[in-house]
Amino acid sequence: MNIQNMILTLQKHWSDQGCLLMQAYDVEKGAGTMSPMTLLRSLGPEPWNVAYVEPSRRPADGRYGENPNRLYQHHQFQVIMKPSPDNIQELYLESLRKLGIDPLKHDIRFVEDNWENPTLGAAGLGWEVWLDGMEITQFTYFQQIGGLEAKPVSVEITYGLERLASYIQDKENVFELEWTDGVTVADIFKQPEFEHSTYTFKESDTDMLFQLFDMYEKEAKRIMDQGLVFPAYDYVLKCSHTFNLLDAKGAISVTERTGYIGRVRNLARSIAKSYVAERERLGFPMLKEGADEHAE
Amino acid sequence: MQNKDVLFEIGLEEMPARFLPGTISQLETKTAEWLQKLGLSFDEVKVQATPRRIAVSILSLSDKQPDIEEEVKGPALRIAKDEAGEWSKAAQGFTRGQGATVEDVYTKDVDGTEYIFVKKFVKGQHAEELLPTFKDVLLSLHFPKNMRWGSGSLRYARPIRWIVALYGEAVIPMEVAGTTASNLTYGHRFLGETAEIDEPANYEKVLADQFVIVDQVKRQEMIVDGIQQLETANGWQIPIDEDLLEEVLYLVEYPTVFHGDYAAEFLELPQEVLITSMKEHQRYFPVRDTAGNLLPHFIGVRNGNSDHLENVARGNEKVLRARLQDAEFFYAEDKAQSIEKSVEKLSKMIYQVELGTLQDKVNRVTKIASMISDAAGVDKETAARAERAASIAKFDLVTNMVNEFTELQGIMGEKYARHFGENEQVAQAIREQYMPNSSHGALPESTEGTIVSIADKLDTIIGSMVIGNVPTGSQDPYGLRRQAAGIIQMLLKTDWQITVEELVERTIALFEEQSLPTVEREKYAEDIRSFFYQRANQLLKEENITYDVIDAVLAVQIGNYPYVVARAKTLEPLRQDESFKPVQEALGRVINLAKKGTDEGVDEALFENEYEKELYRMLQEKRSVYMDAAAKRQAKEALDTLASFTDSIHAFFDHTMVMAEDEKLKTNRLSLLNQLAALILSYADVTKIQWKQVQ
């Protein structure tokens with residue numbers, strides 16, 4: 001199965017489970033978790049079910065398109081269900097069957113893996129899912145997001161699409177994977193991988209990136225004070241990506257590193273609080289159905 | 001009615017393997033305690049667990065609690081009867097309240113007052129009424145980490161998905177976290193189906209039909225058998241690591257052992273890298289030949305049956321191959337670097353914000369290592385090697401391999417150091433700097449390794465303390481206690497003439513040369529002193545030395561640790577030795593009286609009697625004998641020398657008025673006693689020893 005069909009299959013599967021199909025968020029980010037579709041929407045009491053593909057940029061993992069396992073940008077298929085359904089493991093395993101992975105022919109395990117992202121003040125408990133010894137999915141019950149308790153609990157399922165495809169297509173090199181019949185990952189991504197790696201490690205303007213970080217941070221704070229949560233969060237994402245670029249270039253010493261991570265975390269935390277406050281002010285609109293039922 | 005078996009099964013989403021052994025033992029204890037408290041008798045409580053279920057079987061549970069006759073105290077007799085001698089309202093109310101009548105009343109004297117009593121019959125409850133309270137046992141379990149799920153608020157190890165609760169053939173009505181108990185269980189995730197359990201006795205069989213081996217001992221046998229079959233069939237040796245076996249055991253419900261291969265070229269990687277990749281990352285058992293050499297095969301355990309096993313093996317081979325290719329790449333990259341290039345990078349890595357970079361740490365450790373060599377009096381060549389090892393000790397922390405396999409720090413350092421042409425002992429010392437890496441773990445074998453290891457630990461401990469990070473209670477994030485104990489244990493194995501205080505003070509001095517944001521000197525000096533004192537105290541306890549003897553030998557300072565241990569072991573049996581009593585008395589009197597003054601110098605012209613002269617003469621004569629024995633750590637000889645003073649001390653006190661009216665005489669005598677007391681105290685404050693006669 002090519003990657004395009006994998007995405008279509010997963011979209012159909014999770015759409016059938018009541019998930020909204022969203023598109024990738026249009027600001028650079030390191031993981032699907034950082035999309036506001038996950039990070040902000042998993043906060044507060046409103047139900048939220050969503051699935052989307054997220055291109056995820058990890059500048060430090062760039063290898064000029066030469067390493068068979070590492071990419072500047074890879075793709076995650078992200079599912080969030082809030083509150084987590086009781087049969088969520090079965091729903092997930094069913095999605096694997098639809099991808100052509102017959103559990104009877106493999107060894108599928110849920111191996112303990114607790115997830116923590118200090119930059120986002122986020123933590124969760126769950127597993128990495130092993131397929132014949134290979135990690136193909138992160139499966140996490142959010143316990144805390146942006147320093148706030150996650151209540152009700154969202155479950156996050158993150159499929160590593162290239163990983164999974166390399167298994168399904170039985171390829172050892174990520175660039176040989178078929179995106180669609182006759183078109184490989186190399187055809188689409190080899191050039192950007194090379195150029196982004198070159199930019200990240202050699203050509204990026206360090207002074208400019210430092211200035212951008214400060215500007216983004218300042219703007220995030222300014223508009224957050226005005227209660228504009230989503231625009232403020234976009235600037236937090238920009239801060240985070242700028243930091244990743246600087247870090248990959250080795251421009252940030254370890255001491256400074258802690259400081260920068262702390263600055264992003266503080267922003268993310270106050271935005272999390274503002275988001276919940278703003279939703280509350282709006283009367284938690286997505287709880288509406290439930291509220292009406294109670295009224296009767 | 002008759003005794004029946006009981007079964008509780010809690011179905012969960014996959015429990016972390018590391019939680020299960022503790023959960024099993026908690027349930028064994030708590031279930032038995034719960035039944036005992038209820039007064040229900042039983043033959044056995046059996047707890048079994050897989051990643052998806054925890055089962056408690058109670059064999060032959062009695063059907064009800066025993067009936068009990070209880071004595072209930074009522075009001076005093078004078079209140080219970082009115083003036084006419086009739087039962088009062090109070091008495092009638094009391095008896096009614098107890099379900100009795102005034103006919104049942106009897107009286108008893110309680111502390112001089114007559115009270116009325118009735119006997120109350122408490123009928124035992126039936127087991128089926130009591131069994132639902134097992135919920136409390138389930139909710140009282142402790143896990144290393146808890147979580148919430150869905151919209152619920154219960155915090156548990158993992159989400160609870162089903163409950164089976166059977167009393168004989170009947171379902172026990174209970175509900176936990178919104179899950180209602182039934183007699184339906186779930187089989188293996190992929191091979192099994194939902195199945196009904198008709199009675200507890202058939203539990204294991206019903207599950208076995210659904211590809212779940214619920215008994216952990218049976219699963220272990222299946223795994224060990226499978227491994228042994230492969231050993232026999234192929235002439236392999238597969239050492240079974242107990243920890244790995246236990247983990248694998250709790251990762252599967254139906255174990256099937258399989259083997260896979262990897263390319264022989266990977267055997268050129270260091271063994272530790274191969275073993276870490278297999279064991280730590282993939283939970284495989286490595287395979288060796290009969291001579292103990294690694295072979296390019298591995299053993300895995302599948303959670304399932306043997307269908308399509310070759311497919312599973314091939315998938316696992318692919319994963320291991322990717323890991324080993326990475327490792328191979330890292331190994332080649334690292335070997336193309338140089339130690340100098342790696343060391344340069346350390347100045348960009350923060351060790352602790354207040355204490356600077358890793359390079360700053362390395363610089364300090366190197367100085368401390370030189371100081372130790374100097375204080376220990378090791379030969380120049382050894383000192384030079386230790387210094388070299390210290391100055392490059394952390395270079396492997398910036399290699400690709402250690403970045404990926406952090407547990408190989410030191411181990412890769414040794415290998416790379418050899419590769420880069422470092423001296424053999426230098427390479428070894430780089431590995432040994434992390435020893436002992438557990439309490440009572442193996443110690444460095446080389447002198448160079450011992451020096452670097454002590455230096456590294458002194459820097460860590462004293463560095464933390466000078467900036468005010470002192471371990472408290474269970475809070476010891478950097479393992480400072482273990483490291484301090486490690487230093488003392490290493491010193492015990494040396495013949496160095498070195499005191500713990502000297503090492504500590506000279507290290508503190510090195511820290512004080514730098515401008516670090518320290519807390520106040522008085523505070524950290526005291527923190528460090530008491531920290532090492534407590535470690536020495538603890539280690540002496542572990543040598544079976546009694547607390548009073550420990551207090552005695554540590555009274556002045558820790559000093560030379562091997563000599564402390566020797567003194568403590570000499571004194572320990574004397575606590576019960578009659579002949580030691582006069583010695584202790586004599587030496588103790590000297591110590592006690594000496595406290596009344598200080599040593600102002602002794603003037604022989606001021607002696608008035610021969611006993612003073614004799615004691616002073618003896619002190620002059622024996623001091624060097626004592627010091628000599630002490631230097632050679634001859635604890636027995638040193639004590640004998642002190643004991644030889646006994647008669648002279650007694651004679652001195654019998655004939656000399658120490659606290660004389662004449663200030664000059666008094667000062668002179670107290671000076672003499674202080675000189676002698678200093679000698680005794682350097683051995684032990686014998687006044688602290690509690691003399692125990694053998695019973």
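In this predicted model, B:Tyr106 has B:Phe117 as its bridge partner, and that partner belongs to strand E6 of chain B. The pairing around these residues joins E5(B) to E6(B), which covers residues 113-122, in the antiparallel sense and over five bridges.

The two strands belong to an open sheet of three strands in chain B, where the order is E4-E6-E5 and the pairing is antiparallel. Strand E4 (68-76) and strand E5 (106-110) of chain B stand at the edges and each have a single partner strand, so one side of each is left without a neighbour in the sheet. From one strand to the next, the twist averages 45°. Across E4 and E6 of chain B lies helix H3 (residues 89-97) of chain B, which runs at about 160° to E4(B).

Elsewhere in chain B, two helices pack against each other: the axes of H23 (residues 580-594) and H27 (residues 663-681) come within 8 Å and cross at roughly 120°. Angles from 65 to 115 degrees count as roughly perpendicular and those over 145 as roughly antiparallel, and H23(B) and H27(B) are therefore oblique to each other. The crossing in which H23(B) passes H27(B) is left-handed. The residues that make this contact are listed by helix below.

| Helix | Residues in the contact |
|---|---|
| H23(B) | B:Leu587, B:Val590, B:Ile591, B:Leu593, B:Ala594 |
| H27(B) | B:Leu670, B:Leu673, B:Asn674, B:Leu676, B:Ala677, B:Ile680, B:Leu681 |

Sorted by class, the contact of H23(B) with H27(B) has 11 nonpolar residues and one polar residue, while no charged residues take part.

Key:
Residues are numbered from 1 along each chain as its sequence is written. Chains are lettered from A and ligands numbered from 1 in the order in which they are written. This is a predicted model: local features need pLDDT of at least 70, side-chain atom pairs count only at pLDDT 80 or more; totals for chains, interfaces and linings use all residues. Two strands pair if DSSP finds at least two bridges between them. Helices (H or I, at least four residues) and strands (E, at least two) are DSSP runs, numbered from the N terminus. Axes are lines fitted to C-alpha atoms, for helices over the stretch in contact, and angles run from 0 to 180 degrees between N-to-C directions. Two residues are in contact if their C-beta atoms, placed from the backbone, lie within 7 Å. Angles under 35 degrees count as roughly parallel, over 145 as roughly antiparallel, 65 to 115 as roughly perpendicular and the rest as oblique. A crossing is left-handed if the near helix is turned anticlockwise from the far one by less than a right angle, and right-handed if clockwise. Ala, Val, Leu, Ile, Met, Phe, Trp, Tyr, Cys and Pro count as nonpolar, Asp, Glu, Lys and Arg as charged, and the others, Gly among them, as polar.
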